[in-house]
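Have the viewer open as you read.

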Amino acid sequence: MESRALGRAGVDLPVVGLGTWNTFDLDDSRQDVADRVVEAAFEEGTRLVDSSPMYGRAERVLGRALAGRRGEAFVATKIWTPSVATGRVQFAAQLDFYDGLIDLEQVHNLVSWPEHLDWLEAERDAGRIRFLGATHYASSAFDELARVMRTGRIDAIQIPLNPHEREVEREILPLAEELGLGVIVMRPLGEGSLLPGPDPGRLEPLGVETWAQALIKYALSDPRVTAVIPATTSPEHARENAAAGAPPWFGPDERRLVEELAG
Ligand SMILES: NC(=O)c1ccc[n+]([C@@H]2O[C@H](COP(=O)([O-])OP(=O)(O)OC[C@H]3O[C@@H](n4cnc5c(N)ncnc54)[C@H](OP(=O)(O)O)[C@@H]3O)[C@@H](O)[C@H]2O)c1
């Protein structure tokens with residue numbers, strides 16, 4: 001799998017990561033679902049994993065699934081609360097789940113970002129966080145996201161990019177490139193709404209076997225993107241997704257075809 005630098009942060013990340021929204025909110029009796037997905041993804045070269053306190057039990061389940069692999073993993077998670085006190089409680093739990101270190105701590109949906117960045121910077125300086133980021137899923141919040149990016153206080157952003165959600169191409173991706181920020185793509189498969197997609201025969205000009213791979217390559221074919229984080233409950237899907245993380249990347253004709261096929 002190809003690796004790309006997380007912007008000016010410089011750390012190299014394999015381009016296909018793993019999201020955990022919905023898929024890893026599992027009770028104890030179903031921990032094996034996450035264990036098998038993480039095992040398959042890591043076997044294929046995935047290292048970036050993404051979670052949030054918003055995702056129910058996902059952070060804890062992910063932490064357990066990473067047992068014995070924490071050193072290889074790049075853990076991205078989030079703080080999601082208007083309250084600094086509650087944010088600190090979320091962070092303490094994360095340190096417990098992820099062996100005392102968060103690789104990328106993101107302010108989820110920009111909630112109370114000025115307040116959170118103050119104490120998160122102190123945690124970074126103390127060595128418990130490596131990099132800081134901010135996320136938003138809605139184009140209505142992109143002006144505010146751009147303001148956060150321009151503060152120089154974050155290293156990476158997480159945003160949606162798929163044939164039905166391309167608003168980041170207007171301002172956010174050019175700004176990320178100008179500022180040297182890493183870009184992590186959420187919802188590469190449109191939360192599953194873009195699947196199952198067209199008849200496999202129509203994928204031939206794209207050189208991929210499945211529509212999910214076409215969508216993953218679509219996002220990764222924008223060179224400003226560092227990594228995508230599709231979520232899955234299936235080890236087979238995790239392998240299929242990881243296999244899309246290698247060149248050749250799509251040019252303008254292939255990208256246009258994916259947009260047409262996505263309808
Ligand atoms: N959605 C948001 O608003 C949001 C916001 C912030 C961050 N994020 C982060 O971004 C991650 C990814 O976004 P997402 O989970 O919303 O959506 P997504 O990754 O675009 O889609 C996930 C869905 O696609 C299916 N899928 C995955 N691989 C597949 C394959 N190869 N073939 C067929 N189906 C496949 C999964 O079902 P199966 O289990 O059947 O594979 C799941 O239902 C999240 O998990 C989270 O970490 C999301």
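How much accessible surface does the chain have, and what share of it belongs to carbon and sulfur atoms? The surface comes to about 10800 Å², with 47% belonging to carbon and sulfur atoms; areas come from the Shrake-Rupley method with a 1.4 Å probe, and for residues only the protein chains shown count as cover.

A word on the ground rules: this is a predicted model, where local features need pLDDT of at least 70, side-chain atom pairs count only at pLDDT 80 or more, and totals for chains, interfaces and linings use all residues. Residues are numbered from 1 along each chain as its sequence is written, and side-chain values use heavy atoms, leaving out hydrogens and water.

Of the 263 residues, 55% count as buried, meaning under 20% relative accessible area with a 1.4 Å probe, protein chains only. Along its principal axes, the C-alpha trace spans about 55 × 45 × 30 Å.

Now to the fold. The chain holds nine helices and nine strands; these are DSSP runs numbered from the N terminus, helices being H or I with at least four residues and strands E with at least two.

Seven of the strands make an open, parallel sheet in the order S3-S4-S5-S6-S7-S8-S9, where pairing requires at least two DSSP bridges between two strands. At the edges sit strand S3 (48-50) and strand S9 (227-228), each pairing on one side only. Strand S8 (residues 182-186) joins S9 in the parallel sense over two bridges, and valine 185 has valine 228 in S9 as its bridge partner.

How values were computed:
Buried means under 20% relative accessible area, exposed over 50%, partly exposed in between (1.4 Å probe, protein chains only).
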